[in-house]
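Please open the model in your viewer and keep the selection tool at hand. The tour moves from one selection to the next and says what is there at each stop.

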Amino acid sequence: MSNARNLADLGTTAGLDLVLKDGDPVVISVEYLVVAGGGGGSVDTNGGGSGGAGGAGGYRSSVSGESSGGGASAESAAILDLSTAYTLTVGAGGNGVVAVRGNRGGDGADSVFASITSTGGGSGGDFNTIAGATGGSGGGGAGTGGTSGVTSPGGTGTANQGYAGGTGRIVYGSSNGSGGGGGAGGAGDNGNISGASDGGDGGLGVVSSVTGSAVGRAGGGSGTGATTGTAVHGGGTGAFNAAASAGTANTGGGGGAGGGSGASGAGGSGVVILKIPAANTATFSAGVTQTSATVGSFTVYTVTAAGASDTVTFS
């Protein structure tokens with residue numbers, strides 16, 4: 001008999017270890033939080049223009065009582081065999097860029113746990129490609145390029161992971177403002193609203209208490225213009241004629257937008273958090289950087305670095 005067919009018959013609860021009878025493998029229920037790397041902000045130096053902000057990395061969670069990204073409810077816990085190695089990767093944030101006309105940041109990289117993949121955040125729009133990139137959460141539209149008075153669209157987010165970036169807009173000889181990056185908990189705000197030369201706020205992230213403390217992750221970076229939007233939950237803040245800030249490491253926050261002589265911010269790296277019963281143990285391959293803590297009757301592992309060839313095995 002297969003594991004998938006018989007788990008329901010056992011009356012299992014997420015987070016409890018499971019033992020199947022009749023010689024079937026021993027399995028475990030693992031609650032996870034998988035956040036991808038955030039997208040990098042972009043830059044423009046053309047006539048007061050500004051690049052778009054980076055979108056947050058995709059956010060997928062099966063933590064009981066919490067939410068996934070994009071407004072989704074928590075996913076089902078992962079039911080995995082013991083003594084089997086599972087893929088584990090923490091995605092890097094997309095790069096920020098120096099102040100050069102039409103200089104675009106990089107997209108964030110995916111984070112992976114077993115069959116669970118969170119998509120890297122989208123980069124912000126730039127002079128050459130004004131739209132923000134699609135990603136776990138979308139990048140903000142540029143406040144430059146295109147036709148005067150026409151908006152630059154934000155990139156779309158990935159369903160059940162994150163939201164779209166905000167639009168940017170340029171009015172030749174007048175006002176420019178770039179869109180905020182999308183976040184796991186909300187869309188990025190539009191720049192240049194009603195002709196005001198403002199940058200859009202970054203989208204909200206999602207707050208989780210899986211580690212025992214409430215932490216916001218996967219917020220979008222903020223856009224910039226004559227004024228700069230705000231960013232929370234790990235998102236970087238945009239800047240005009242100054243260096244924008246990067247997304248916070250291991251939150252998947254998007255990078256802040258850059259304009260004028262200012263560089264844009266890089267996206268924050270992602271994170272993978274695993275919650276298992278305290279009676280069980282997780283063993284990691286040599287390339288993994290992680291910490292562990294006891295939270296109630298569970299052990300929670302926070303993985304801050306893991307490459308494409310790294311793994312985790314449960315016992």
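What follows is a walk through some strands and the salt bridges of this model.

The model is predicted, so local features need pLDDT of at least 70 and side-chain atom pairs count only at pLDDT 80 or more, while totals for chains, interfaces and linings use all residues. Residues are numbered from 1 along each chain as its sequence is written, and side-chain values use heavy atoms, with hydrogens and water left out.

Begin by selecting residues 26–35, which form strand 2; strands (E, at least two residues) and helices (H or I, at least four) are DSSP runs, numbered from the N terminus. Nine of the ten residues in strand 2 are buried, where buried means under 20% relative accessible area, exposed means over 50%, and partly exposed lies in between (1.4 Å probe, protein chains only).

Residues 271–277 are strand 16, which pairs with strand 2 in the antiparallel sense over five bridges, and here L33 has I273 as its bridge partner. Strand 5, residues 78–81, is antiparallel to strand 2 over four bridges, with A78 as the bridge partner of V30. Strand 4, residues 59–61, also pairs with strand 2 in the antiparallel sense, over three bridges, and R60 stands opposite V34.

Now turn to the salt bridges, of which a search of the whole structure finds three; the term requires a side-chain nitrogen of Lys or Arg within 4 Å of a carboxyl oxygen of Asp or Glu.

Select K275 and E31, whose closest N and O atoms are 3.6 Å apart in a salt bridge. K275 lies in strand 16 and E31 in strand 2, so this pair ties together parts that are 244 residues apart in sequence. Both K275 and E31 are buried.

Go on to R60 and E75, which meet in a salt bridge at 2.8 Å, N to O. R60 belongs to strand 4, whereas E75 sits in the loop between strand 4 and strand 5, 15 residues apart. R60 is buried, at 18% relative accessible area, and E75 is partly exposed, at 22%.

For the last stop, select D126 and R104, whose side chains form a salt bridge at 2.9 Å, N to O. D126 is in the loop between strand 8 and strand 9, and R104 is in the loop between strand 6 and strand 7, so the pair ties together parts that are 22 residues apart in sequence. D126 is buried, with a relative accessible area of 3%, while R104 counts as partly exposed at 24%.

Technical notes:
Pairing = 2+ DSSP bridges.
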